[in-house]
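Here are some notes on the charged pairs in this model and on one of its helices. Please read them with the structure open.

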Amino acid sequence: MNESCGTSPIVGFRFTLSPMTDDFVGTIKGALKRTDLSGVWRHTDDVSTVIRGRAEHVFDVARTVLSLASEEGKHVSMSGTFSVGCPGDSIGDEALEAPPQPLNGSSREQYVSSQFALYPMGTEHYMDLIYEEIEQAKQVGVYNDSMHYASGIHGNLDDVFSYYEAAFKRTREKNQHVVMTVTFSVNSPSHGGRHA
């Protein structure tokens, strides 16, 4: 464990939501408006949105935003970076006093394909931690494929996000500074009409 890394419980997720529709602004704003954001601190600029808070709320909000943005059958992608324990992170801009229970409930049945890369920072044994989480994905039935620079995870939206949250938390328990990049794709024509 790298003791020089931060010990703050603040988890951040900076993401870009990309609905494949002419009304992409309405889709993005509508999904954010309908999501209960009271468990996180949030800021949106002209490129991306960042949310900060406890892990359970950050993953809950990310999942809900993607679910709501894609509920009308539009092809939607979300790409972003989860981070915790960065020694360069700052205090503030968070909602750590929120109750521990996620606020948005379960999502509807929805197939999602995704790719992720896990970066346990500051440890010589980072590959061991990565391989452990790939094995976990296989055990819970969401592993899809190996590929250059990422691993594929797919399945029902709730199951996929549950895996990512658990993988992120397990890795944090073993290493203080963790970064995870993820790209999600919902309702893609390449999914062959698979929606659940």
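This is a predicted model: local features need pLDDT of at least 70, side-chain atom pairs count only at pLDDT 80 or more; totals for chains, interfaces and linings use all residues.

1. Glu71 is partly exposed, at 35% relative accessibility. The side chain of Glu71 meets that of Arg34 in a salt bridge, with 2.5 Å from N to O. Distant parts of the chain are linked by this pair: Glu71 sits in the loop between helix 2 (55–69) and strand 4 (76–84), Arg34 belongs to helix 1 (residues 24–34), and the two are 37 residues apart. Arg34 itself is exposed, with a relative accessible area of 52%.

2. How many salt bridges does the structure hold? The count is 8. Another of them joins the side chains of Arg14 and Asp45, at 3.7 Å from N to O. Arg14 lies in strand 1 (residues 11–19) and Asp45 in the loop between strand 2 (40–44) and strand 3 (49–53), 31 residues apart. Arg14 is partly exposed at 40% relative accessible area, and Asp45 is also partly exposed, at 34%.

3. Are Arg63 and Asp60 buried or exposed? Both are buried. They form a salt bridge whose closest N and O atoms are 2.6 Å apart. Both residues are in helix 2, separated by 3 residues, or about one turn of the helix. In an α-helix, residues three or four places apart point the same way, because there are 3.6 residues a turn.

4. Asp158 joins Asp60 and Arg63 in a network of salt bridges. Asp158 is among the buried residues of helix 4, which also include Leu157, Phe161 and Arg172. Helix 4 (residues 157–174) has 18 residues and spans 26 Å between its first and last C-alpha, close to the expected 26 Å.

Definitions and conventions
Residues are numbered from 1 along each chain as its sequence is written. Side-chain values use heavy atoms; hydrogens and water are left out. Helices (H or I, at least four residues) and strands (E, at least two) are DSSP runs, numbered from the N terminus. The expected span of a helix is 1.5 Å times one less than its number of residues. Buried means under 20% relative accessible area, exposed over 50%, partly exposed in between (1.4 Å probe, protein chains only). A salt bridge is a side-chain nitrogen of Lys or Arg within 4 Å of a carboxyl oxygen of Asp or Glu.
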